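Here's a walk through one structure, going from a few single residues to the ligand and on to a helix. Keep the viewer open and follow along.

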Amino acid sequence: MSTSDNNGRPPYTAGTDYDSIIIGAGFSGLALLHHLRGIGQRSLVVDALDGIGGTWWVNNYPGVRTDSEFQYYSFSFSKEVRDEWNWTERYPSGAEVREYLNFVADRLDLRKDIRLNTRVAGARYDDAANVWTVQFEDGTALTAKYLISGMGVLSQPIWPSIPGIESFKGEKYHTARWPREGVALEGKRVGIIGLGASGIQIVPTIAPQCEEFFVFQRTPNFIVETTNDKVDGARMAEVRRDYDEIFARAAAHPFGVDMAYAEKSALDVTVEERDRIFESKWNEGGFHFANECFNDLATNHESSELASEFIRKKIREIVKDPVTAEALCPNDYSFNGKRVPTGHGYYATFNRENVHLVDVKANQITEITERGVTVGDTEYELDVLIFATGFDAMTGTLTFIDIVGRDGLVLRDKWARGIRSNLGISVNGFPNFFMSLGPTTPYSNLPVPIQLGAQWIARAIAFAEKNGIERLEATPESEEWWAAEVERAGRATVMYSEGLKAKAWFMGENVQGKPAEFQVYMGGGGVYQQFCREAEDTGYASFLAPALAVETAAV
Ligand code: NAP
């Protein structure tokens, strides 16, 4: 039941501290807070970190920047923010994105409803009261009718289980927990384990500072290099003028980017034409290559392999030492088998004399000693060891804490049998619990589904409040339908077989013991948004769990 207080403030849920509690003060938390305020909710954002920005606050390793171009890596909903914020680089640095999110928080006056340094230990739903109690690590608790996760998709870092990892006496850092004050690397022997999107950004950035730099590579990535031009006033003005169109095109695009749609298969052109197209999109850089060359690099194995061979050729051209070049070429899986990172001089870094690639695929790291890393008979002595070993993606933050739904059901236990949700937004057994970017939301440039998801959740809650619907909760049928659609769409792509071969995070394969299943929806952002619209158009029928469907049918 909703009521309102005597001070002209928005309605609030009787008997609770807030209408909604949002976990996470990154892109998701800010968008959710803004939109829930817009429907009159009294909301609180809590975040364990000591600053606003979520993933962009905590991943402040050297070289961190977006893999997406600035014009679709931001919110479109606020005219004030759009008019006043100026991006300075085609691929903004992590520091600039952090500043942007803090600017958003200030400009939209969000800060007063954000509580930092507040780590959630767990949350429990009380069915009789229809209230969520959020328990904090400091022993305090708050209640709300709605609980919303904006905890991020790649936020639960993984330290590898290499024997002796604790014994290393030098400095040891994870890219996702990089010290805010920075790390002095000059004159030091540095090693890095992990060469996904994080590792490949830090490598070229710190290589000039290190005395000797040992890069321990297990699985090479296909990296599409790019250039990072400055964004001037004229370019900003152009983007501002077209912002709505840019966002609309990104929202309709499978990968959430404003890019052209390739019309042809890589198999339907001559060898010369194919090379010309590959070359031109390689020169545009970053995600342009994966998205704009051909229409089947993600769906046809032969086409994906042709793209693989083109990138292998580029690696051999850039890297002067043929043995190193060959080791950098992925051969065990093909293009799109791992999330393709955007490079900023990654391959050329291996032409530096102080940079040494250590192939630990066949000859694995046997242990970490107090002095360094041992591979076979060789011990590499190090002063600093960096882990860029990734995350327990999509589910990790949600299963790390105890989220307890109806009848004591723990989300972690429910998902141990396989991820189940309706559209990655709501889970049966967890009424009035919503997820921004929950598992099985699209494999995408993320600010786009974050904004659309926050707006969707706000409309759903407004609808429920207006129509006296006390609980929004995925029906069991919707969960089975969505799981089947996620599986169908995923298996129609090369990401399935190649992702399994490459042990990609989007298959859950990078975490020991995690069941192999799609962590994201591969059917495309535009298709996903259509499903979300359909759910809305049917009065959220698939979010009214059976017992309630009867009760609300007359509304
Ligand atoms: P990741 O892609 O999962 O890469 C982890 C790396 O650690 C892999 O190279 C993996 O090797 C290696 N590794 C793990 N355990 C190892 C061991 N015992 N021995 C040797 N190597 C080991 O993680 P990430 O680079 O942090 O990126 C995760 C995702 O975050 C990205 O795909 C992207 O979606 C996002 N991200 C985005 C940006 C951006 O947009 N700018 C930047 C960073 C991250 P194997 O492959 O052999 O397992």
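Let's start with Asp67, which sits in the loop between helix 2 (55-58) and helix 3 (79-84). Keep in mind that this is a predicted model. Is Asp67 buried or exposed? Its relative accessible area is 8%, and buried means under 20%, so Asp67 counts as buried.

An N or O atom in the Gln201 side chain is 3.4 Å from a nitrogen atom of the ligand. How much of the ligand does the protein cover? On its own the ligand has 910 Å² of accessible area, and the protein covers 85% of that.

Zoom out to the whole shell and you'll find 23 residues around the ligand, of which Arg65, Ser198, Thr219, Lys338 and Trp505 come nearest. Sorted by class, that shell has 10 nonpolar, 8 polar and 5 charged residues.

Now for a helix. Which residues of helix 17 (residues 495-502) are buried? They are Met495, Glu498, Gly499 and Ala502. These residues lie on the same side of helix 17, because they cover an arc of only 100 degrees around its axis. As for what they pack against, the buried residues of helix 17 meet helix 10 (301-318).

Next, a look at some other loops. Asn130 is in the one between strand 6 (120-126) and strand 7 (131-136). With a relative accessibility of 6%, Asn130 counts as buried. What does its side chain do in there? It reaches the backbone oxygen of Glu470 at 2.9 Å, and a polar contact of 3.3 Å joins it to the side chain of Asn432. Beyond residues up to four places away in sequence, Asn130 touches Tyr125, Lys145, Asn432, Glu470 and Arg471.

Ile158 belongs to the loop between strand 8 (141-149) and strand 9 (171-174). Its relative accessible area is 18%, and the cut-off for buried is under 20%, so Ile158 counts as buried. Apart from neighbours within four places in sequence, its contacts are His174, Thr389, Gly390, Phe391, Asp392, Asn510 and Val511. Ile158 and Ala393 are 235 residues apart in sequence, yet their C-alpha atoms are 9.6 Å apart in space.

Last stop: Arg417, in the loop between helix 14 (411-416) and strand 20 (433-435). Buried or exposed? At 65% relative accessibility, Arg417 counts as exposed. Its C-alpha is separated by 8.5 Å from that of Pro515, which is 98 residues away along the chain.

Terms used:
Residues are numbered from 1 along each chain as its sequence is written. This is a predicted model: local features need pLDDT of at least 70, side-chain atom pairs count only at pLDDT 80 or more; totals for chains, interfaces and linings use all residues. Side-chain values use heavy atoms; hydrogens and water are left out. A residue is near a molecule or strand if one of its heavy atoms lies within 4 Å of it. A polar contact is a pair of N or O atoms within 3.5 Å; within protein, one must be able to donate a hydrogen and the other to accept it, and residues adjacent in sequence count only if both atoms are side-chain atoms. Accessible areas come from the Shrake-Rupley method with a 1.4 Å probe; for residues, only the protein chains shown count as cover. Ala, Val, Leu, Ile, Met, Phe, Trp, Tyr, Cys and Pro count as nonpolar, Asp, Glu, Lys and Arg as charged, and the others, Gly among them, as polar. Buried means under 20% relative accessible area, exposed over 50%, partly exposed in between (1.4 Å probe, protein chains only). Helices (H or I, at least four residues) and strands (E, at least two) are DSSP runs, numbered from the N terminus. The arc is that of the directions from the helix axis to the C-beta atoms. Contact means heavy atoms within 4.5 Å.
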